[in-house]
Amino acid sequence: MKVLVTGGAGFIGSAVVRYLIEHTDARVMNLDKLTYAGNPASVEPVAGSSRYGFEQIDICDRAAVDGLLQAFRPDAVMHLAAESHVDRSIDGPDDFVQTNLVGTYQLLEAARSYWKSLARPETFRFLHVSTDEVYGDLGDTGALFQESTPYAPSSPYAATKAGSDHLVRAWGRTYGLPVLVSNCSNNYGPYQFPEKLIPHMILNALAGKPLPVYGDGSQIRDWLFVDDHARALWTVLTRGRVGQTYNIGGHNEKRNIDVVRAICAALTAAQAEQGKQQTFDHLITFVTDRPGHDTRYAIDASKMQRELGWKPEETFESGLNKTVRWYLDNPTWWQQVLDGSYRLERRGRAEAAR
């Protein structure tokens, strides 16, 4: 099987690429624009494989995407390329509209044209990877997001992802493109860009900097270890029913403040193993809440388990310990990210995966 992964140098995308190379026989083409959050070093563990290829392409560049589809001839597209940081979307929504909406449209049209040219178009799949933030705010209702939950996005990021979900479903309904959609909860794990909550807190704590928590930290998120998510996406791609949506969650609802305290505890334990007596809770600092901050997200992933037999393998505690230890053991990766030195053009690997 040949799979085109868009956004494969990003956090979740790189986890998908690593999973496909390490745990399947798929040939993988990684298409990534290499924006600030796209890091070629995140796929270096598998970049030497003869089944891996990379092309630096913007999904908004229709001609380039067309050319890659015709050259690589994939059996499936896993679409993960997106602008994904809520704070950035509030400060500057333009890039989110362009990438998440226009880019998804261009990719859909390129995929539709390519799909129609296939000798066996019924075997093709287009998996669109989205977020639980499209559903909006659960508040204190005790309910869970289900696949049938109405959309009510709160941020520009969530709104553009909601729009891209609608485009994908429309291309499935109107043109017959064999699409699948997944909506996931908050991901965490190795190789995550440091602007996100968990790596931001880890690296700030190690540097002795304040750990900024929005409001009173009572916002609740469902946390999903990224390797569990990668495995789930492969399951959806290979076993999911065309036209269906699958919610992917970690069954780990946590208040933000409790997540930060857990990070502090994990770092303290790790330092103690090295004979260092150091605590981090005193660095926690409460800051002004961001506009439109949703109170609670929580995913009902029972359809994934019932229909496809998937469930997360990591608990929040086991996943967080793995994550903390990865950042402690890989300072070169995150230091290069912080100083921007990883932003080097990487080309020339495309031929290997064709």
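**Close-up 1. Aromatic pairs in a predicted model.** Searching the whole structure turns up 17 aromatic pairs, and the model they come from is a predicted one. Let's start with Tyr191 and Trp326: their ring centres are 4.5 Å apart and their planes meet at 50°, so this pair is tilted. Where do Tyr191 and Trp326 lie? Tyr191 belongs to the loop between β7 (186-188) and α6 (197-206), while Trp326 is in helix α10 (residues 316-329), so the pair ties together parts that are 135 residues apart in sequence. Are these two residues buried or exposed? Tyr191 is buried, with 14% relative accessibility, and Trp326 is buried too, at 13%.

**Close-up 2. Trp223 meets Phe316.** Here the ring centres of Trp223 and Phe316 are 6.4 Å apart, and with their planes at 50° the pair is tilted.

Close-up 3. Which residues do ring pairs link into a cluster? They are Tyr135, Phe145, Tyr151 and Tyr297. Tyr297 also has Arg221 lying over its face, at 3.9 Å from the ring centre.

**Close-up 4. Arg112 over Tyr175.** In this view, the ring of Tyr175 has the charged end of Arg112 sitting over it, 3.8 Å from the ring's centre.

Methods
Residues numbered from 1 in each chain as written. Predicted model: local features only at pLDDT ≥ 70, side-chain atom pairs only at ≥ 80, totals over all residues. Heavy atoms only, no water. Phe/Tyr/Trp six-rings, centres within 6.5 Å; stacked < 30°, edge-to-face > 60°. Helix = DSSP H or I, 4+ residues; strand = E, 2+ residues; numbered from the N terminus. Buried < 20%, exposed > 50% of the residue type's maximum accessible area, 1.4 Å probe, protein only. Lys NZ or Arg CZ within 6 Å of the ring centre and 35° of its normal.
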